[in-house]
Amino acid sequence: MERICVLGLGYVGLPTAAMLATHGHDVLGVDVSRQVLDRLHDGEVHIHEAGLRSLVRAALKSGHLRVAEEPGPADAFIVAVPTPFVRHEQAGARDEPQAAPVADLSFVISAAEAIVPHLQPGNLVILESTVPPRTTEDVVVPILHRSGVRDLLVAHCPERVLPGRILAELVGNGRVIGGIDRRSAEAARALYASFVEGEMLLTDATTAELVKLMENTYRDVNIALANEFALVAERVGVDVWEAIDLANRHPRVKMLRPGPGVGGHCIAVDPWFVVQAAPDLTPLIQAARRVNDGMPAHVVELVKQAMAGVERPVIACLGLTYKADVDDVRESPALKVLELLKAEGFEVLACDPHVRALPEAYGPLLPVSEVLPRADCAVILTDHAEFRTLTSDDFGLMRRPVVIDTRRALKARLAIPEAKHLVLGSG
Ligand code: SAJ
């Protein structure tokens, strides 16, 4: 049985720590947030993810998972802390307003520094956080070497789990394991082998970093293409959803879905890490980011057009998370739409059954039964199951039945004679 210290108990670190603890390891989970640790001490988890609460409870109850604010000695350390991006004004370059955001490595650096006093010869350190290319070799390894210990195994094994399916994907997905040398990669593979059933592919650390970024960038660029087609379809009077369905019948075409933009802490962020490595070589990636970031403003244009001539219109925003059936609002395009609508002077009602709390500026969170009767326009921004099943009876309660569906969440057209039912990307 190995002692493992997992730094960062978020969407990736907590499930990983619980999984290792229920597969024969002694795990110390570390987080800098007192609130997160207090909840875990009470047997509660701060993340809404199917099956996670019972797995964490089982791990805590067995005694194989303990949580603390500081790391301790271990055989292996896994770093799973966030790598947000800083908009470039925050990075200090105010004179170039168009410059790309850059990665904020401060959490990765702090985690690596926190490990240093505990390092022993032969220890394995795995970085799971998504990082710009060369971070493991150029940033993490030099910090670890401050310990004076040279016989260290270090690997970058990017997490690739999909929020909403984290536990299944943690076990079933393949892993790309990038060692700073072969021994490191093999040691990391041996550790993951305790619970990973997917294929484990060994490579070097920098390749693993780029692979992860390429996966998320591939998705971002393809969503941008779908969004651009949606705008063209609106211009030429075509239903982009039907057009995409038809195009996807081609054996070598698999287009993604348009929508109000791309959110979450991964796909809306990671392409910038590639740009950061080579700004002059990435015009396509940068354009895709800007297309996706431009979608909330387009949704607001649709609302303005639909509400032209309406006196003091009230807009219900249905769905605030970055995608369906999760509780995560990080980088959510839905929140951006809400902000832009408020800036345009609309009265906005916020509704999302998955979100527990929002900053005060967004207004109170209201149930759908309360927002619809007060609204002149309902904008579906996230296709939660609760919204996909709304019917003409529900929308019939509205002050004015105008619905703008940015996700094509509703299966049927509204059967209300005076209703206006717009779908993003439809002519
Ligand atoms: N989206 C669209 N149209 C689509 C698909 C997604 O507009 O056709 C939007 C979603 O609504 C959301 C955003 O894109 O706002 C991202 O959602 P997602 O489901 O594509 O991905 P994430 O961010 O939840 O998870 C991704 C996954 N990466 C890939 O599929 C390549 C996951 O496997 C990664 O582990 C995760 O990023 C991560 O942590 O990096």
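Good morning. The ligand in this structure sits in the second largest pocket. A pocket here is an open set of points on a 1 Å grid over the protein atoms alone, with protein on both sides within 12 Å along at least five of seven lines. To sit in a pocket, a molecule must have more than half of its atoms within 2 Å of the grid points.

The model is predicted, so local features need pLDDT of at least 70 and side-chain atom pairs count only at pLDDT 80 or more, while totals for chains, interfaces and linings use all residues. Residues are numbered from 1 along each chain as its sequence is written, and side-chain values use heavy atoms, with hydrogens and water left out.

Let us turn to polar contacts, pairs of N or O atoms within 3.5 Å. Oxygen atoms of the ligand lie 2.4 Å from a polar side-chain atom of Glu159 and 2.5 Å from one of Arg219. At Gly263, a polar backbone atom is 2.9 Å from a ligand oxygen. Of the 770 Å² of accessible area that the ligand has on its own, the protein covers 89%, by the Shrake-Rupley method with a 1.4 Å probe.

Methods:
Polar contact = N/O pair within 3.5 Å; in protein donor to acceptor, adjacent residues only side chain to side chain. 1 Å grid on protein atoms, 1.4 Å probe; cavity = no way out; pocket = protein on both sides within 12 Å on 5 of 7 lines; lining within 4 Å.
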